[in-house]
Amino acid sequence: MRILIISDIHANLSALVAVLSDAGEVDAVWCLGDLVGYGPDPNECVERIRHLPNLVCLIGNHDAAAANSIDIASFNDEARLAVLWTQSVLSQSNLEYLQGLEPEKTLDSVTLAHGSPRQPIWEYLLDTRTASQNFEFFDTPYCFVGHSHLPVIFQMQDGQKNADLFIPKLESTLEMSPRAILNPGSVGQPRDRDPRASYAIYDSDAQTWLYQRVQYDIPSVQTRMRAKNLPQRHINRLSTGW
Ligand code: ZN
C-alpha cells in the first residue's frame, strides 16, 4: 500500500490541498494530528481530512485544546489566542469529530503517535537522547510521529544504545530498516526554515519512506489570517518556515 503520511496541518487549507494533489493517488492517509490551531481554515481542514478514504487520524495537542479536552495554560499567549479563535468558529460536528480522535494507534508494523510513544500528546522528539528513551515505549518496528514540525528520522539498530538522527534526502526513496521513529514534517507550519509544505509517502509493501516538499500559495493564507485578526507572528512565520 502507498500511504500518505501527514501531520500538523494547522488549519492551513492551501498547504493541505497542495500536499493532497502532489501526493497523487494513494491507498490510505495516516494523519498524525494537529489538524487545527494557528491557521485560518480549521473547519475546511477538518472537513477535507475527515472525508478522505481509508483515513487513520490522530488527535494532536492543538486539536485537544480546541476540543476543550486539555488545559491550555501551557500554551503561549499567541497560541492561546489562536485556540480561542478556533473554538469560536469550529462547527459542532467538526468539534465532535476532533473529540472522538485518539492520540495513539498501532497498525501492523507501525505505531502512530502525535508527539511521542511515551507521551503521545505532548512530548517533542527533538534530540537523540529523548528519542532513544522512547524506543521502549512501542513494540513495532516503526513509529511515526509529528508535533515537532521537523522532517527527521531517529534510527536505532539492534545493539545500539543511542539512536542516530538524520534528515532524509528530499525526493529520494529511502529503504527503511528497523527500528526507527520517523517524522514527515509539517504540512501547514514547517519549522525547519523551508516554508514549503512537508509530507511523506510510506510504502508498506516495499518498506520505503519518501520525503517530499511542495510549494503552495503562502500569501493567500496570510491574507485570510489577517482578515481573521490572527497573531502577526504566526502570519510571518509561514513565509520563513520557522
Ligand atoms: Zn503542531
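This is a predicted model: local features need pLDDT of at least 70, side-chain atom pairs count only at pLDDT 80 or more; totals for chains, interfaces and linings use all residues.
Residues are numbered from 1 along each chain as its sequence is written, and side-chain values use heavy atoms, with hydrogens and water left out. Local features need pLDDT of at least 70, side-chain atom pairs count only at pLDDT 80 or more, and totals for chains, interfaces and linings use all residues.

Start with the metal. Asp8 (OD), His10 (NE2), Asp34 (OD) and His149 (NE2) hold the zinc ion at 2.0 to 2.5 Å. Donors here are N, O and S atoms within 2.8 Å of the metal (3.2 Å for Na, K and Ca); water is not among the atoms, so sites may look incomplete. Along the chain, the donors are spaced as D-x1-H-x23-D-x114-H. His10 sits in the loop between β1 (2-6) and α1 (13-23), and Asp34 in the loop between β2 (28-31) and α2 (42-50), so this pair ties together parts that are 24 residues apart in sequence. Helices (H or I, at least four residues) and strands (E, at least two) are DSSP runs, numbered from the N terminus. His10 comes out as buried, at 1% relative accessibility, and Asp34 is buried at 1% too. Buried means under 20% relative accessible area (1.4 Å probe, protein chains only).

Now for helix α8 (residues 232-240), where His234, Ile235, Arg237 and Leu238 are buried. These residues are on the same side of α8, because they span an arc of only 165 degrees around the axis; the arc is that of the directions from the helix axis to the C-beta atoms.

Definitions and conventions
Buried means under 20% relative accessible area, exposed over 50%, partly exposed in between (1.4 Å probe, protein chains only).
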